Every structure is written in structure tokens, then in C-alpha cells.
Amino acid sequence: MKKFLTLFLALAVLLPALPSLRAADDKKETELETTMGKMNGAFRKLRRQVLDASKNAESLELVASMRAASVKSTELIPALAADKPEAERAAFVAGYKKQMQEFMAALAPLEAALKANNNAEAEKLVAGLGAMQKKGHKEYKKPDEKKS
Ligand code: HEM
């Protein structure tokens, strides 16, 4: 009985510590992943409410936070760049930056549509951003990073 009690107490102390042990084991999130995570939070919300004209002011704030995340992302370098042969690396990074800039540029017409209360158009533009996300991830994200 005393053994069980000791075991129980040991588990009671150790179990709450397990998640943090696992987190310490996980590979560290890159700065680009953190920034993309912010983009993701705003984009998911935007997708849900883009047709709701009563939320256009809030939607514009979401687009603004996506712009801030894209500005930051443009300054960062995808982890996959390190896996590229030295000779290809510069072109890879330049291609990423170009695509990121195109993504940013695509936020302007979305803002205009939301300001004009043209929600049907805004929905189409949001779908276009989703396609750009897919393309960007296919070309520049490490294949083992499955999130999103
Ligand atoms: C709506 C637009 C976008 C959303 C919501 C989004 C979201 C995300 C998410 C959730 C991750 C994974 C973060 C994690 O693993 O914790 C990620 C990673 C990544 N995304 Fe995006 N993304 C978007 C657009 C783009 C575009 C346009 C590009 C490229 C031009 C891009 C390039 C990358 C790269 C390279 C990573 C891997 C991070 C690293 O290498 O460190 N993303 N993104």
C-alpha cells in the first residue's frame, strides 16, 4: 500500500511537468513560423467573416495585421533555404521575397473592396490569397512542416 502511495505521489508531481518536457524536446519554432502563425490567425478569422458587411471595419484590421505579418515575413528567410545548395540559395531567397511582395500587393485591392462594402469581390480576393498561400508553401516551406 505504501508503495502505491509513493507511486501515486510521484506521478502527481511528474505528470504536470510532462508537457513542458515534451515542448523542450520539440524543435524550436522559427521566427518566420511565429510570424506566419499570426498571419494564420488573422486569415482564418477573415475567411469566416469576409461576406459579413457589418464586420468590414474589423476585417480591415485583420488585413492590416496580415500586412504587418507579411512585411515582417519578407525580411525573414525560409528554413528550407539552408537545405538548398549554396549556388541556388540566393535565387531561392529572392524568389521567396518576390512572392511575399506579390502577396502583400494583393492585400490592397482587398482593402479597397472592403472599404467599398463590396463583399462578394472581397470574398473572391480572399480566395486568391488562399491560393497564393498554397503556392508559397509548396515552393518555400519545408515539407515536414504540415501545419496550415
Ligand atoms: C494567407 C497567407 C498565409 C498564411 C495564413 C500562412 C500560414 C502559415 C503557417 C500557419 C505556417 C506554419 C507555421 C508553423 O509551422 O508553426 C507557415 C509557414 C511558412 N509559410 Fe506561410 N502562410 C501564408 C502565406 C505564405 C506565403 C505567400 C509564403 C511564401 C511566399 C509563405 C511561406 C511560408 C514558409 C516558407 C513557411 C515555413 C517557415 C520557415 O521556413 O521557417 N507563406 N505559413
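Angles under 35 degrees count as roughly parallel, over 145 as roughly antiparallel, 65 to 115 as roughly perpendicular and the rest as oblique. By that convention, helix 4 and helix 6 are roughly antiparallel to each other. The structure is a predicted model, in which local features need pLDDT of at least 70 and side-chain atom pairs count only at pLDDT 80 or more, while totals for chains, interfaces and linings use all residues. Residues are numbered from 1 along each chain as its sequence is written.

**Overall architecture**

- The chain contains 7 helices and 0 strands, where helices (H or I, at least four residues) and strands (E, at least two) are DSSP runs, numbered from the N terminus.
- Along the sequence the pattern reads α-α-α-α-α-α-α.
- Buried residues make up 16% of the 148 residues of the chain; a residue is buried if 20 or more other C-beta atoms lie within 10 Å of its own, exposed if 12 or fewer, and partly exposed in between, with C-beta atoms placed from the backbone.
- Among contacts with a separation of 6 or more, 66% are accounted for by residues 24 or more positions apart; two residues are in contact if their C-beta atoms, placed from the backbone, lie within 7 Å.

**Nonpolar core**

- The largest nonpolar core has 15 residues, a nonpolar core being a set of buried Ala, Val, Leu, Ile, Met, Phe, Trp, Tyr and Cys residues joined through C-beta atoms within 7 Å.
- Those with the most contacts inside this core are Leu 46, Met 66, Leu 110, Ala 122 and Val 126.
- Helix 3 (31–49), helix 4 (56–75), helix 6 and helix 7 are the elements that give two or more residues to this core.
- Leaving aside neighbours within four places in sequence, Met 66 is in contact with Met 39, Ala 42, Phe 43 and Leu 107.
- In soluble globular proteins, nonpolar side chains tend to be buried together.

**Helix 3 against helix 4**

- The axes of helix 3 and helix 4 are 9 Å apart and the helices pack at an angle of about 155 degrees; axes are lines fitted to C-alpha atoms, for helices over the stretch in contact, and angles run from 0 to 180 degrees between N-to-C directions.
- Helix 3 and helix 4 are therefore roughly antiparallel to each other.
- Residues making the contact include Met 36, Met 39 and Leu 46 of helix 3, and Val 63, Met 66 and Ala 69 of helix 4.
- By class, this contact has 10 nonpolar, 6 polar and 3 charged residues; Ala, Val, Leu, Ile, Met, Phe, Trp, Tyr, Cys and Pro count as nonpolar, Asp, Glu, Lys and Arg as charged, and the others, Gly among them, as polar.

**Helix 4 against helix 6**

- The axes of helix 4 and helix 6 come within 10 Å and cross at roughly 170 degrees.
- Helix 4 contributes Asn 56, Ser 59, Leu 60, Val 63, Met 66 and Arg 67 to the contact, and helix 6 contributes Leu 107, Leu 110, Glu 111 and Leu 114.
- The residues of this contact divide into 6 nonpolar, 2 polar and 2 charged.

**Helix 6 against helix 7**

- Helix 6 and helix 7 pack with their axes 8 Å apart, at an angle of about 160 degrees.
- That angle makes helix 6 roughly antiparallel to helix 7.
- The crossing of helix 6 and helix 7 is left-handed.
- Pro 109, Leu 110, Ala 113 and Leu 114 of helix 6 meet Glu 121, Ala 122, Leu 125 and Val 126 of helix 7 in this contact.
- By class, the contact of helix 6 with helix 7 has 7 nonpolar, no polar and 1 charged residues.

**Individual positions**

- Asn 117 is in the loop between helix 6 (107–115) and helix 7 (119–140), and its phi is near 55 degrees, a positive value in a residue other than glycine.
- With 11 other C-beta atoms within 10 Å, Asn 117 is exposed.
- Gly 37 lies in helix 3 and is partly exposed, with 13 other C-beta atoms within 10 Å.
- The C-alpha atoms of Gly 37 and Ala 69 are separated by 9.0 Å, although these residues are 32 residues apart along the chain.
- Ala 57, in helix 4, counts as exposed, with 9 C-beta neighbours inside 10 Å.
- Gly 130, in helix 7, is exposed, with 12 other C-beta atoms within 10 Å.

Technical notes. A crossing is left-handed if the near helix is turned anticlockwise from the far one by less than a right angle, and right-handed if clockwise.
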